[in-house]
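Subject: Structure for your files

Dear colleague,

Here is the structure I said I would pass on. My notes on it follow below.

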Amino acid sequence: MRDGAGSAVMEPIELTTGDGLVLRAWHAEDAERVFQACQDPLIQRWTMVPVPYLREHAADFVRVLSPASWAAETAAPLGVFDARTGDLLGSAGLVALDRAERHAELGTWVAPWARGRRVAERAGRAVAHWAFEVLRLRRLVWRAEVGNHASRLAAERIGFTFDGVVRAGLPARGGGFTDGWLGVLLPGEVCDTPPAWVAPGGPGALRAQAFSHPPERLPAGPVTLRPARESDLDDIVATFRDPDTVEWTSVPHDYGPEHAHDFIQHRYPDGWLRGTGAGFVLADADDRFAGTADLRISPTDPVTAEIGYTSAPWVRGKGYMIAGARAICHYGFDRLALGRIVWRAHVGNDGSRRVAERVGFVVEGVQRESCEQRGARVDGWVATLLAKDLGR
C-alpha cells in the first residue's frame, strides 16, 4: 500500500526471520513482560527508560505511546519474540522517524534472559531490511552512549559504520548531555553475514566483550595489575615528580595532586570506556601503588597497540615492571586480539629498554625526532613484540 507520494503507508507490521524471531507491534497484554524486562540494570543504564520503571510505565508504552507513534508515523516500535515459544526477547524498531526526509534511528534493547543469542543484531537486521526495502528510507542511524560496547557490536554486525565519538551527542539521564557513538547505514549496506572483524570469535567481538566489563585484577607474579584509585594519589604524585620519571617522560614539571586526580578519574577509565586502551596500576603484595602500565590501541591499525609503563622509584630493581609489562602484553594478545605491540622510548632511557628486552621486545632501531617531550622533538628507540616473542 502506498501513499500519494509513492512511499509505503506505514501500518503496524509483523516480521518473521529465518532464524526464529517474530517482530510485531506491541499488544496490551505485553505490558507485564515489558515491565519485568525493564527492571534490568543494563537496560536502565544504557537506555532512557524511566527509573524506577513501574508497571504504569509499561502499560502506557504498549497501550498508548506505541499505537500513537504508529498512527503519527513518527516511530515504528516492535516487540521481539521467540517464534517457537512466544517469549519476549527484546525490542527493536524505528525511532525519530522522518518520512519526508526518509531517515530514522534504529533502536533496540534485549531482555536479560535473552542475552547471548544475538537478538539485537538479528532483530535490527530485519528492521533495517524493512526500512530500506518497504519504507524506502535513505538512511538509518544507530546511537549508543560511549561505553555501550555490546550495542555498538550489534550495529557493526548489521553493517553500520561508526566514525569517532560525538561529544555531548546524547541526552544524559541526569540532565545535560553525554558523549555518544553514531553509526550510519545506507541502502545496500545491510550485512546478512557479520563482517569478519566483528563476527563471533572475531577480534572486534573479543575486544567488545573485554571492554564491556570493568577492568579486572590481573595477577603478575610479585605484583597485581588493578584499576587506579584515589588512595593511590600521593604515590602517583611522588612517582611523576621523581627526577628520572620527569627526564624520560612528558609529565608536567609541576605535576601535582590535580594531575594525579585527573589521571585516576579519566586517563585510564576514559580509554577503557571508549575501547581505545587498557591501563592499570601495578600494586605490590600490600596492594600499594608500584607503577603504571598501559596499552594504547592505534587509531589507524586496530591490531597494533603501543605500550607505556612507569615504575615507582621505591620499587625499581625488583623486577616488578618486567612482570607487569609481560602481564599486560599477555592481556593485549589474549583478550584484546592484538597482533603487535610497539614500545618506544627516548634514546638513552636504558632502564625502559632493559624492561622491554626482558619481556621479549625486539629493538628495530632509532627513529629520528619520533618522540615529543614538552614541546620538543627527540630521537626515540622503537621495538616490537609479537605473541610468539613472549615465550622467548
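Glu145 is buried, since its relative accessible area is 19% and the cut-off for buried is under 20%. This glutamate is part of strand β6, which covers residues 139-145. Leaving aside residues up to four places away in sequence, Glu145 touches Arg45, Trp46, Leu170, Thr178, Asp179, Gly180 and Trp181.

Please keep in mind that the model is predicted. Mean pLDDT for the protein chain is 95, and 97% of the residues score at least 70. Residues 1-6 stay under 50, and the model has 10 contacts for them beyond four places in sequence.

The other item is strand β11, residues 277-283. Seven of its seven residues are buried, so the strand is largely enclosed by the rest of the structure. In a regular strand, side chains alternate between the two faces of the sheet. For β11 both faces are covered: Gly277, Gly279, Val281 and Ala283 are buried on one side, and Ala278, Phe280 and Leu282 on the other.

As for its pairing, β11 runs antiparallel to strand β10 (residues 223-226), with three bridges joining the two. It also pairs with strand β12 (residues 289-297), again in the antiparallel sense, over seven bridges. Leu282 figures in both pairings: it is the bridge partner of Leu225, and it stands opposite Gly291 in β12. The hairpin of β11 and β12 has five residues between the strands, and Asp287 there takes a positive phi near 65°.

Regards

Terms used. Residues numbered from 1 in each chain as written. Predicted model: local features only at pLDDT ≥ 70, side-chain atom pairs only at ≥ 80, totals over all residues. Heavy atoms only, no water. Helix = DSSP H or I, 4+ residues; strand = E, 2+ residues; numbered from the N terminus. Buried < 20%, exposed > 50% of the residue type's maximum accessible area, 1.4 Å probe, protein only. Contact = heavy atoms within 4.5 Å. pLDDT = per-residue confidence, 0-100. Pairing = 2+ DSSP bridges.
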